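Subject: Structure for you to look at

Hello,

Here is the structure I said I would pass on. Please keep it open while you read the notes below it.

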Amino acid sequence: MIAIPIDSQGIDIKSSKLFGNVDMFALYTEKDKSFTFIENSASGNGIKTAKFLKENGVKRTVYSYMGDGPFKELSKNNIDVFYIGKEPLGLSEIIKSLLKN
């Protein structure tokens with residue numbers, strides 16, 4: 001499962017520049033080729049957000065801005081972390097890029 005931080009749901013959803021402070025994540029399931037959306041119950045704390053993603057079965061995530069604490073927590077839990085640049089990207093663009101790797 002791939003987690004993408006987002007600011008809101010809706011048409012033309014793009015990634016958020018935030019990670020630990022983001023309110024929602026789009027979760028992409030490769031098997032079903034579908035997205036589900038979940039509220040980040042750990043919003044405001046990057047390390048707790050990283051643990052929250054692990055608890056939800058995430059194997060990969062992306063970020064624009066992330067502190068050392070969340071990065072280390074994700075790595076410790078064998079979650080692959082990918083930098084996508086400073087500007088928000090569309091969800092389909094992110095997924096296509098990750099699935100190439």
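One definition comes first: a residue counts as buried when its relative accessible area is under 20%, as exposed when over 50%, and as partly exposed in between, with a 1.4 Å probe and protein chains only. This is a predicted model, so local features need pLDDT of at least 70 and side-chain atom pairs count only at pLDDT 80 or more, while totals for chains, interfaces and linings use all residues. Residues are numbered from 1 along each chain as its sequence is written, and side-chain values use heavy atoms, without hydrogens and water.

Glutamate 73

Glutamate 73 belongs to helix 2, residues 68-76 (helices are DSSP runs of H or I with at least four residues, strands are runs of E with at least two, and both are numbered from the N terminus). Glutamate 73 counts as buried because its relative accessibility is 10%. Beyond its neighbours within four places in sequence, glutamate 73 touches Ile47, Ala50 and Lys51, where contact means heavy atoms within 4.5 Å.

Five strands form an open sheet in the order 3-2-1-4-5, and the pairing is mixed (two strands pair if DSSP finds at least two bridges between them). Strand 3 (34-39) and strand 5 (80-83) are at the edges with a single partner strand each, so one side of each has no neighbour in the sheet. On average, neighbouring strands are turned by 25° against each other, direction ignored. Axes here are lines fitted to C-alpha atoms, for helices over the stretch in contact, and angles run from 0 to 180 degrees between N-to-C directions.

Strand 2 (residues 24-29) and strand 3 run antiparallel and are joined by six bridges. Alanine 26 stands opposite phenylalanine 37, and tyrosine 28 is opposite phenylalanine 35. Their hairpin has four residues between the strands, and lysine 33 there takes a positive phi near 55°.

Helix 3

Helix 3 (residues 91-100) lies across strand 1 (2-6), strand 2, strand 3, strand 4 (60-63) and strand 5, at about 150° to strand 1. Which residues of helix 3 are buried? They are Leu91, Ile94, Ile95 and Leu98. The buried residues pack against strands 1, 2, 3, 4 and 5. Lys96 and Lys100, on the other side of helix 3, are exposed.

Regards
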